[in-house]
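I opened my notebook to look up how the parts of this assembly meet. Have a look at it alongside me, and then read my entries below.

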Number of protein chains: 2
Amino acid sequence: MTGPRTLPTQGAPRGRKRASHSLEAVLGAAVALLDEAGAPALTFRALAARLGTGVGTIYWYVSNKDELLDRATDHAIGGVLALVEGQPQSDDPIADLRAMAIALFDAIVDRPWLSAYFMRNTDVQGNSLRLYEKLGQPTLRLDLTPRQRFHAVSAITSVVVGTAADLGAEIPPEILDGTMDRDAYLARFAEQWRSLDSAEFPFVQEIVDEFAGHDDRDQFLAALELTLSGLRLQAGAG
Amino acid sequence: MTGPRTLPTQGAPRGRKRASHSLEAVLGAAVALLDEAGAPALTFRALAARLGTGVGTIYWYVSNKDELLDRATDHAIGGVLALVEGQPQSDDPIADLRAMAIALFDAIVDRPWLSAYFMRNTDVQGNSLRLYEKLGQPTLRLDLTPRQRFHAVSAITSVVVGTAADLGAEIPPEILDGTMDRDAYLARFAEQWRSLDSAEFPFVQEIVDEFAGHDDRDQFLAALELTLSGLRLQAGAG
DNA sequence: CCCCGGATCGAACGTCGTTCTAGTATCGAA
DNA sequence: TTCGATACTAGAACGACGTTCGATCCGGGG
């Protein structure tokens with residue numbers, strides 16, 4: 001009456017007899033909607049239409065939109081987790097950290113809607129905890145205190161989420177429609193910046209060319225590298 | 001017909017004759033609503049009620065909710081900018097960078113709604129550009145390439161926004177009502193984490209005590225320090 | 001005096017999340 | 001076979017939201 005008993009956080013849908021729509025189907029359709037047109041496209045009515053059911057049916061599997069979003073996010077993070085778990089372990093823990101952070105970043109670039117809901121996922125169990133564990137494991141091979149390890153992982157996730165969110169934010173609708181390409185968009189900004197008073201805005205003048213031609217991935221990699229080199233320094237001085 | 005001609009991004013409201021509600025008043029009320037009860041509290045009806053007007057009036061000053069949010073955010077960032085500009089410049093550029101980042105972080109902690117709208121503010125002009133400039137100026141005193149300076153500032157803002165967003169997300173309604181205090185909330189998580197299989201979750205087991213008693217500000221300061229020490233290393237090796 | 005344009009107002013529209021009631025299919029027990 | 005409980009489906013309805021629109025007010029220049 002309040003919903004299906006439990007959901008397997010992993011694995012195939014176990015013996016549900018003849019349900020035409022499982023929770024898995026709902027989540028899959030939700031993720032598809034999010035992928036196709038972002039967060040505003042995920043409405044109960046659109047989801048019901050896609051599944052060929054009524055809105056009431058969705059509420060049988062999920063108690064409200066927050067839970068739908070949480071479960072859909074966890075569903076998507078499952079994919080990232082699989083990727084990260086498939087990565088081979090190297091001799092250098094920091095290199096492993098880097099590889100995982102990049103995999104996570106790429107996943108968010110693929111699904112920009114993830115960044116908005118990534119941080120508010122307070123699930124104790126689920127895939128995000130498992131991902132957190134995976135991200136933390138390389139720090140166990142570093143000469144750090146538990147506190148330093150804790151801070152290191154949160155620093156790395158901050159960099160990933162922070163830059164990815166920044167990235168997802170800078171995409172106004174004009175550019176998604178193909179009306180205007182990214183370079184022209186950046187160039188318009190750059191031009192306005194160049195016209196600023198260079199006595200009042202010396203820094204902006206200094207970096208405007210870099211901004212005009214910047215690559216988001218390079219920007220992320222540079223930020224990540226700063227954190228990682230700080231971490232390497234910390235581990236070496238232990 | 002489409003709104004007031006322009007808005008002074010700074011300064012007193014100039015000679016508007018007898019408007020009972022200026023844009024400044026609208027923005028002030030909007031920020032007040034956001035401060036009192038967060039983003040969901042800011043609705044056109046609530047705002048109109050607070051101003052003692054109709055909803056239509058607000059649309060005279062602002063063309064839609066996105067613009068309202070952008071302007072309100074910029075309004076709030078003006079306060080941070082004033083704080084940052086009031087800080088004295090020291091001999092150490094990195095220390096200045098640190099101080100600014102901390103001021104920004106504290107401002108977001110004060111106004112958690114800022115984190116959500118901080119990144120999507122793509123205004124070319126306005127206070128966020130000025131703040132960006134201020135954040136970048138210390139890097140001019142560092143021995144770096146323009147590209148490195150550009151990356152350094154975006155790395156720092158990523159850390160600030162990333163951790164602040166993470167922080168704002170981990171506040172479920174129970175804790176804001178005073179129903180449950182933060183320590184008990186963290187302890188509940190910690191307990192569930194402790195019951196996990198330690199072979200499968202070695203890292204979580206390692207840091208669970210740190211997590212249970214962690215301070216958000218310390219977490220941010222640690223992440224910031226990693227980036228700054230990486231930056232110092234980069235500047236020294238120039 | 002009238003009129004014109006800046007400024008104000010609130011009813012109304014469409015969409016959203018959510019609730020509720022009615023309904024159908026399946027199965028074990030009587 | 002009948003009955004009721006359980007699992008699930010369906011869509012009308014409600015209130016709140018963002019937004020639009022025509023009506024209205026009001027001061028200053030003709």
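**Entry 1: between the chains**

I began with a charged pair: A:R130 and B:E200 form a salt bridge, with their closest N and O atoms 3.7 Å apart. I call it a salt bridge when a side-chain nitrogen of Lys or Arg lies within 4 Å of a carboxyl oxygen of Asp or Glu. By that rule I find six salt bridges across the interface of chain B and chain A.

A note on my source: this is a predicted model, where local features need pLDDT of at least 70 and side-chain atom pairs count only at pLDDT 80 or more, while totals for chains, interfaces and linings use all residues. Residues are numbered from 1 along each chain as its sequence is written, chains are lettered from A and ligands numbered from 1 in the order in which they are written, and side-chain values use heavy atoms, with hydrogens and water left out.

I also looked up polar contacts (N or O atoms within 3.5 Å; within protein, one must be able to donate a hydrogen and the other to accept it, and residues adjacent in sequence count only if both atoms are side-chain atoms). Across the interface of chain B and chain A there are 11 residue pairs in polar contact, both residues at pLDDT 80 or more.

Which helix of chain B gives the most to the side that touches chain A? It is α8(B), with 16 residues. My helices are DSSP runs (H or I, at least four residues), numbered from the N terminus. That side of chain B divides into 28 nonpolar, 16 polar and 11 charged residues. My classes: Ala, Val, Leu, Ile, Met, Phe, Trp, Tyr, Cys and Pro are nonpolar, Asp, Glu, Lys and Arg are charged, and the others, Gly among them, are polar.

**Entry 2: area and symmetry**

The contact (heavy atoms within 4.5 Å) takes 55 residues from chain B and 55 residues from chain A. About 5000 Å² is buried between chain B and chain A, and carbon and sulfur atoms give 70% of it. Buried area here is the accessible area (1.4 Å probe) that two parts lose on being put together, summed over both.

A rotation of 180° with 0.0 Å of shift along its axis superposes chain B on chain A, at RMSD 0.1 Å. That is the relation of a two-fold axis. The same surface serves both copies, as 100% of the contact residues of chain B recur in chain A.

**Entry 3: DNA strand C**

I then turned to the DNA. A residue is near the strand if one of its heavy atoms lies within 4 Å of it. Of the 19 residues around DNA strand C, A:F44, A:R45, A:K65, B:T53 and B:T57 come nearest.

Where do polar side-chain atoms lie by a phosphate oxygen of DNA strand C? One of A:K65 is 2.4 Å away from such an oxygen, one of B:T57 is 3.0 Å away, and one of A:Y59 is 3.2 Å away. The helix α3(B) gives the most to the surface near DNA strand C, with five residues. By class, that surface has six nonpolar, nine polar and four charged residues.

Conventions: Helix = DSSP H or I, 4+ residues; strand = E, 2+ residues; numbered from the N terminus. Least-squares fit on C-alpha atoms with pLDDT ≥ 70 in both.
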